Amino acid sequence: MNTILDQQALISAREKIDHLAKPLGSLGKLEDMSIQMAGIFGEIPFTLGWKRVVVFASDNGVWNEGISPVPQSVTLKQAVNMTRGLTGVCAMARYAGCEVKVVDMGINAHVKCPEMIDRKLAMGTRNIAQGPAMSREQAYQALMTGFELAKQAKAQGVRVLAAGEMGICNTTTSAAVLSALTGMPATDTVGKGAGLTEEQFQKKRQVVERALEINQPDPGDPIGVLQKVGGFDIGGMAGLYIGSAAAGLPVVVDGFIAMVAAALAVRIRPEVKNYLFASHVSNEKAFMAAAQAVGVQPYLDMGMRLGEGSACPLAMMMMEAALRMAHDMLSFDEADIDINDYIDIRGE
């Protein structure tokens, strides 16, 4: 898998951006976006083109510990609503000109929705507070599902991907995975998620601590971490990130759960980081710790914590803006401005 960015394209893009008629670095992360995309595509593209968010839906056996006030049936209902374009990510995606595909990775129900992609591995994972979430074979299958969906998207002409998720209790599994990968205690990785009471919050921490103690995930074996304390949705997202890098596609990361999946993907294949675009800062407690584990800096900070991939279309619009900046702005020569007039504010 060749996932090294085009170094000459990076140099050329930097030179082009630095000679636009503006103070050096004055468009901040938009400049970084355009240069990163040049490294991926071999040049700064004129447009992103076909954009797709892939939402991985799955239930988690740890729900049986009573740590969520939300019934598991919500996973199915919201996944179906996504296929109808009626959820938060769908509203954002529609505005951004981005399509949404929903994948049943392990919804705990017999799904009768032809618009949903059926990749069900089981009726949800097992309870991580009592043993491994899944078999190692299922962990591989979850990763390969995401990988193959990225490969398929590339063949269909998709130019940029994003990963989203839907699954009750997946902030619990994400906290467990982050603790396993980084060694952080559950007190630092477990957040309140979807509106827990203080009693449920404390129990959630205890459940993650118990899951880590019982399963003893090895941080040196990221696939084993997924197997022991992860979720099918986390595996699918991690596989999509790896597959996107292998296919030479930029891929956008959403909030806490998606970022933990990115941390898992980067542990499996470190070079995947080159293809990641971190959309926003999630309000979930350990999000920045997850982002640091990946090695990325998110673009937006809007107090969001919905999940679903909802911030990804917003980041895609910013990426499009970065391309417009690169191609529509005048250079100093075209603007008939002496670059020396900008020496002081360009820091030279």
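1. Angles of 65 to 115 degrees count as roughly perpendicular, those under 35 as roughly parallel, those over 145 as roughly antiparallel and the rest as oblique. Helix 5 (residues 136-156) packs with helix 9 (residues 222-229) at an angle of about 110 degrees, their axes being 9 Å apart, and the two helices are therefore roughly perpendicular to each other. On the helix 5 side the contact (heavy atoms within 4.5 Å) is made by Arg136, Ala139, Tyr140 and Leu143, and on the helix 9 side by Ile223, Gly224, Leu226 and Gln227.

2. The model is predicted, with local features needing pLDDT of at least 70 and side-chain atom pairs counting only at pLDDT 80 or more, whereas totals for chains, interfaces and linings use all residues. Residues are numbered from 1 along each chain as its sequence is written, and side-chain values use heavy atoms, with hydrogens and water left out.

3. Helix 11 (residues 256-268) and helix 12 (residues 287-294) pack with their axes 8 Å apart, at an angle of about 25 degrees, which makes helix 11 roughly parallel to helix 12. Phe256, Met259, Val260, Ala262, Ala263 and Val266 of helix 11 meet Phe287, Ala290, Ala291, Ala293 and Val294 of helix 12.

4. Helix 11 also packs with helix 6 (residues 170-182), here at an angle of about 35 degrees and with axes 9 Å apart. Among the residues that make this contact are Asn170, Ser174 and Leu178 of helix 6, together with Phe256, Val260 and Arg267 of helix 11.

5. Which residue lies over the face of Phe41? Arg159 does, at 4.3 Å from the ring centre; a charge sits over a ring if NZ of Lys or CZ of Arg is within 6 Å of the ring centre and within 35 degrees of the ring normal.

6. How many aromatic pairs does the structure hold? The count is zero, where rings of Phe, Tyr and Trp (its six-membered ring) pair if their centres lie within 6.5 Å, with planes under 30 degrees apart counted as stacked, over 60 as edge-to-face and the rest as tilted.

How values were computed:
Axes are lines fitted to C-alpha atoms, for helices over the stretch in contact, and angles run from 0 to 180 degrees between N-to-C directions. Helices (H or I, at least four residues) and strands (E, at least two) are DSSP runs, numbered from the N terminus.
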